[in-house]
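The following paragraphs give a guided reading of a protein model. Please keep the sequence and the structure in view while reading.

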Amino acid sequence: MKLNPLIKKFQRQRKIIFRNIVIFIIKTFKSECKIIFNNYELFLSTKDSCGTNIYYESQFSKKSWDHGSLQQSLISKLLNKCNVNYNFIDAGASYGLFSFYTAPFKNVKRIISIEASPKTYNFLHKSITRNNLLNKIECINAAVSDKCDNTAYIAEHNKYSEWSRVLNTKQIKADFTDYSEIKTITIDHLIFNNDLNKNEKLFIKIDIEGSEPLAFNGMKELFKSNIDFIIMTEFHSGLLNNTDNNGAITFAKNIWDLDFAEIYQINNNKSKLIRIETKNEFLDLVLKLNKSEGYNKITNLLLCKNPQDLTSFR
């Protein structure tokens with residue numbers, strides 16, 4: 001019995017060593033790689049951890065690879081059970097997993113995919129073009145923020161995250177190894193300048209590596225409107241606290257004050273939605289995330305204006 005923990009530790013270390021060797025080989029001999037995801041060809045860079053990790057999981061994971069499986073299950077339930085059309089905004093599209101997952105559904109009329117990293121954007125655009133989806137998926141190279149046409153600095157790699165993310169000017173000198181300047185855009189602009197406020201309902205996915213509060217500040221017109229919408233957003237307490245020690249708590253309070261009809265935690269570890277009933281419950285969740293380590297600092301939230309929109313999720 002005493003050997004079991006040692007055996008498990010050895011097995012974990014062996015997997016890590018194998019993974020590192022495979023990723024080293026990929027980065028050394030390939031500039032890009034390709035996977036089949038949801039019957040689409042997706043092109044990935046081998047020069048960033050995000051691309052190589054997606055490739056590794058798709059090729060070598062013992063389980064069938066299903067990135068964000070609970071989120072995908074929720075989307076399937078929503079679109080298979082409802083009789084209304086949706087427009088999707090994919091803020092922080094990266095290589096397009098979310099966009100390409102929703103693309104085959106007939107009641108998804110338009111998808112707007114926004115990716116800040118110019119390097120990742122080029123691969124995303126290539127994937128959309130190669131799969132003949134330019135009429136369904138619009139791809140935009142911009143940083144989602146609280147104002148349009150400002151300059152943002154996009155770190156391709158930094159000490160906080162393997163994913164590209166927006167940096168403020170103070171962080172640039174301290175953290176960056178590679179960064180690009182890019183223009184900002186708001187979700188309000190995307191909605192009201194693209195006629196997404198007409199007939200279809202709206203689903204907004206936000207995963208922008210700690211810049212989610214800026215995205216929410218750029219949705220003031222949406223929150224005042226009569227549009228039915230659902231928001232699925234990442235809540236990464238570590239990144240939210242990087243520029244403000246109380247960033248995660250402040251963001252949670254701001255979300256609660258927007259008075260959504262229902263708020264759920266998408267708990268991937270337990271593979272279920274957990275209803276957040278009170279503000280204290282929400283703040284307790286954030287405090288728990290703050291005390292956690294690594295990926296346990298991350299969760300996702302599902303926010304809705306009309307509770308009927310979530311009937312298929314329950």
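Helices (H or I, at least four residues) and strands (E, at least two) are DSSP runs, numbered from the N terminus. The model is a predicted one, in which local features need pLDDT of at least 70 and side-chain atom pairs count only at pLDDT 80 or more, while totals for chains, interfaces and linings use all residues. Residues are numbered from 1 along each chain as its sequence is written, and side-chain values use heavy atoms, with hydrogens and water left out.

Strands of a sheet pair through backbone hydrogen bonds, either parallel or antiparallel; two strands count as paired here if DSSP finds at least two bridges between them. In this model, 8 strands form an open sheet with mixed pairing, in the order E5-E4-E3-E10-E11-E14-E12-E13. Strand E5 (137-141) and strand E13 (272-275) are the edge strands, each pairing on one side only. On average, neighbouring strands of this sheet are turned by 20 degrees against each other, direction ignored. The axes used for such angles are lines fitted to C-alpha atoms, for helices over the stretch in contact, and angles run from 0 to 180 degrees between N-to-C directions.

With strand E14 (residues 298-304), E11 pairs in the antiparallel sense over 7 bridges; Thr 233, for example, has Leu 301 in E14 as its bridge partner. Strand E10 (residues 201-206) runs parallel to E11 and is joined to it by 5 bridges, and the bridge partner of Lys 205 is Met 232 in E11. Is E11 covered or open? E11 is mostly covered, since 8 of its 8 residues are buried, where buried means under 20% relative accessible area, exposed over 50% and partly exposed in between (1.4 Å probe, protein chains only). Phe 229, Ile 231, Thr 233 and Phe 235 point one way from E11, whereas Ile 230, Met 232, Glu 234 and His 236 point the other way.

Helix H11 (residues 247-257) lies across E11, strand E12 (262-267) and E14, running at about 165 degrees to E11. Helix H12 (residues 279-291) packs on the sheet, touching E11, E12, E13 and E14, and its direction makes about 160 degrees with that of E14. Gly 247 is found in H11 and is buried, with a relative accessible area of 9%.

Attention now turns to the interior. A nonpolar core is a set of buried Ala, Val, Leu, Ile, Met, Phe, Trp, Tyr and Cys residues joined through side-chain atoms within 4.5 Å. The largest such core has 45 residues, of which Ile 75, Leu 79, Tyr 86, Phe 88, Phe 100 and Phe 203 touch the most other members. Its largest share, 5 residues, comes from helix H3 (residues 69-81). Apart from this core lies another, of 40 residues, among them Ala 91, Met 219, Phe 260 and Leu 283.

Aromatic rings complete the picture. Rings of Phe, Tyr and Trp (its six-membered ring) pair if their centres lie within 6.5 Å; planes under 30 degrees apart count as stacked, over 60 as edge-to-face and the rest as tilted. The whole structure holds 16 aromatic pairs. The rings of Phe 88 and Phe 203 have centres 5.0 Å apart and planes at 20 degrees, so this pair is stacked. Because Phe 88 lies in strand E3 (residues 86-91) and Phe 203 in E10, the pair ties together parts that are 115 residues apart in sequence.

Technical notes
Contact means heavy atoms within 4.5 Å.
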